[in-house]
Amino acid sequence: MNYQVYNRDVCVGTIRVLGVSSSSVLIVGDTNSIQLAATFDTPAESLLVGPFVPLTPE
Amino acid sequence: MLNRTSFVDKINIDTMSFSSVFEIGDSCSIQGFSRAIALQREAEYFNTREGNYSVYPIFSEPIPLLPIEEELTIHTSQLNPIIKVQTIDIIGVSSSSIVHIGNSGNISMESRVKHIRQLFQKNNNRNPSRD
């Protein structure tokens, strides 16, 4: 595949961001490659009802 | 390929935490990694030295990345090699995140989060006003 890019004027006024979190990136510039991976686990088994049991120690 | 120059007139970041980076200038390689056990309890109950990443497979399972098999030829023409931003306003940057003004090479970021909630038994609710 041939991919042709013409970068003309890029002029941005205001960027308002609440949060950049969990290995996220906010970049003003050029980059060759970006590779992002995330796992987020909140399954039914992680809802524990009953007496508070401490988690496995460190 | 000539890279562009970034112009940011004003940037305001309120909070940066947990190994986050604010970089002004170019970089060639960025690798970020963060992992967290987010435990929410219905009552304030704290234990020191609890929580072990090795118990939960989410922190060790491989995250597959599909290889790019398509033959790719990129040609970029910089007709106006400037990226202009007047104002950036960020409230928080957290957990190995990056705010970068400038060019970079290869960026690779990974995040693994495990959520756990511990609740009271409903019939044994110690805070009946919440019902």
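How many residues of chain B are in contact with chain A, and how many residues of chain A take part? In this predicted model, where local features need pLDDT of at least 70 and side-chain atom pairs count only at pLDDT 80 or more, totals for chains, interfaces and linings use all residues. Residues are numbered from 1 along each chain as its sequence is written, chains are lettered from A in the order in which they are written, and side-chain values use heavy atoms, with hydrogens and water left out.

**View 1. The interface of chain B and chain A.** Contact (heavy atoms within 4.5 Å) joins 75 residues of chain B to 55 residues of chain A. The buried area, which is the accessible area (1.4 Å probe) that two parts lose on being put together, summed over both, is about 5,800 Å², and carbon and sulfur atoms give 51% of it. On the chain B side, Ile107(B), Met109(B) and Gln118(B) lose the most area to chain A, together 10% of what that side buries.

**View 2. A salt bridge between the chains.** Three salt bridges are counted between chain B and chain A, each being a side-chain nitrogen of Lys or Arg within 4 Å of a carboxyl oxygen of Asp or Glu. One of them links Arg4(B) with Asp30(A), whose closest N and O atoms are 2.6 Å apart.

**View 3. Paired strands.** Strand E4 (residues 31–41) of chain A pairs with E7(B) in the parallel sense over ten bridges, where strands are DSSP runs of at least two residues, numbered from the N terminus, and pairing requires at least two DSSP bridges. Within E7(B), Ser111(B) is the bridge partner of Ala38(A).

Notes: Helix = DSSP H or I, 4+ residues; strand = E, 2+ residues; numbered from the N terminus.
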